[in-house]
Amino acid sequence: MLTLAAWLKQAQQQFAVLSQTPDIDARLCLCHVLQVSNSYLYSYPERQLTASELSLLDDIVSKRLQGQPLAYLFGYWHFFDLRLAVSPSTLIPRPDTEILVEQALSLMLPRQAKVLDLGTGTGAIALALAHNRPDWQLTAVDYIADAVALAEHNRSALKLDNCRVLQSNWFSQLGGQRFDLIVSNPPYIDPIDPHLAALTFEPLSALTAADQGLADIKHIVSIAGRYLNPDGWLWLEHGYDQADAVRLLLQQAGFDQVCSKRDYGDNWRISGGYWRG
């Protein structure tokens, strides 16, 4: 039988062939199977794994080595201190997207601000905002029915009654509604980008956009003003090399105070602007 420490060492060596964080991946697997915190692994390194636990771990490691993301294997992932159910119908929430949430929370908005999250996927952005600003009213939309169902499941599980989830092709089902803030993490990868090879398990429709990855961003920026209240904001996630292009689009659409922010990896990740109305 293997101890926790021995299994971790073995798994780290296996994960090193495909992960930049093999230690973290191995620990996440153990925490998931044992249903314990990371601190438990440090406290009880000599604890022996049972045969059933080893079987579950072997299955996860085997699938992970085939390239399957841990989030899909676990069925959940963490984002901004929230545990969210995930599925292959949506993107896995990423730490870099948390900078979009942080920026939204830093804005001077009305106490009962109305906020729209376009292309919500798991609901990560909208639910993080709803959780941190109970007085805000969130609307989260997605075109994919499975994504809408998943976001609604997460909303219900987190008991966030200040958020509603709708099926909509961007703004199509929002009528004459107006918001104080619009946020979005739209598809922004060029379909011929070589980085897509590492994302084969995630839905391409949520990753890629035409026009060198800018098609959906252009659409959102060109229409957003019709759905913003005066003194509202639009903030978008984009590719590390798209900040200049997105800022230009915002300026051309009439937004003021246009700027970009870097993510935790020091890459330009989000851009936004102020709408005078």
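Mentor: Let's start with a term: a salt bridge is a side-chain nitrogen of Lys or Arg within 4 Å of a carboxyl oxygen of Asp or Glu. Before we use it, note that this is a predicted model, where local features need pLDDT of at least 70 and side-chain atom pairs count only at pLDDT 80 or more, while totals for chains, interfaces and linings use all residues. Residues are numbered from 1 along each chain as its sequence is written, and side-chain values use heavy atoms, with hydrogens and water left out.

Trainee: Okay, how many salt bridges does that rule give?

Mentor: Side chains of opposite charge can pair when their charged atoms come close. Here the count comes to 13 salt bridges. Take Asp25 and Arg64, whose side chains meet at 3.9 Å, N to O. Asp25 lies in helix 2 and Arg64 in helix 4 (residues 51-65), so this pair ties together parts 39 residues apart in sequence. Helices here are DSSP runs of H or I with at least four residues, strands are runs of E with at least two, and both are numbered from the N terminus.

Trainee: Are Asp25 and Arg64 buried or exposed?

Mentor: Both are buried. That word means under 20% relative accessible area; exposed is over 50%, and partly exposed is in between (1.4 Å probe, protein chains only). Arg269 and Asp263 form a salt bridge too, at 2.9 Å, N to O, and Arg269 and Asp263 are also buried.

Trainee: What about a pair inside one helix?

Mentor: An α-helix has 3.6 residues a turn, so residues three or four places apart point the same way. Now look at Asp23 and Arg27, with their closest N and O atoms 3.4 Å apart in a salt bridge. They are four residues apart in helix 2, so about one helical turn separates them. Asp23 is partly exposed at 33% relative accessibility, whereas Arg27 is buried at 14%.

Trainee: Which residues are linked in a network of salt bridges?

Mentor: Glu152, Arg155 and Asp161.

Trainee: And how far from Asp216 is the nearest side chain of opposite charge?

Mentor: Good one to check! For charges, Lys and Arg count as positive, Asp and Glu as negative, and His and the chain ends are not counted. Asp216 is buried but has no salt bridge, and Lys218, the nearest side chain of opposite charge, is 11 Å away. Asp216 sits in helix 9. Contact means heavy atoms within 4.5 Å, and leaving aside neighbours within four places in sequence, Asp216 is in contact with Trp170, Pro186, Pro187, Thr208 and Ala209.

Trainee: How do I read a nonpolar core?

Mentor: In soluble globular proteins, nonpolar side chains tend to be buried together. A nonpolar core is a set of buried Ala, Val, Leu, Ile, Met, Phe, Trp, Tyr and Cys residues joined through side-chain atoms within 4.5 Å. The largest one in this model has 34 residues, and Leu181 and Trp235 are among those with the most contacts inside it. Helix 7 (residues 124-132) gives the largest share of this core, seven residues. Apart from that core lies another, of 30 residues, including Ile182 and Leu234.
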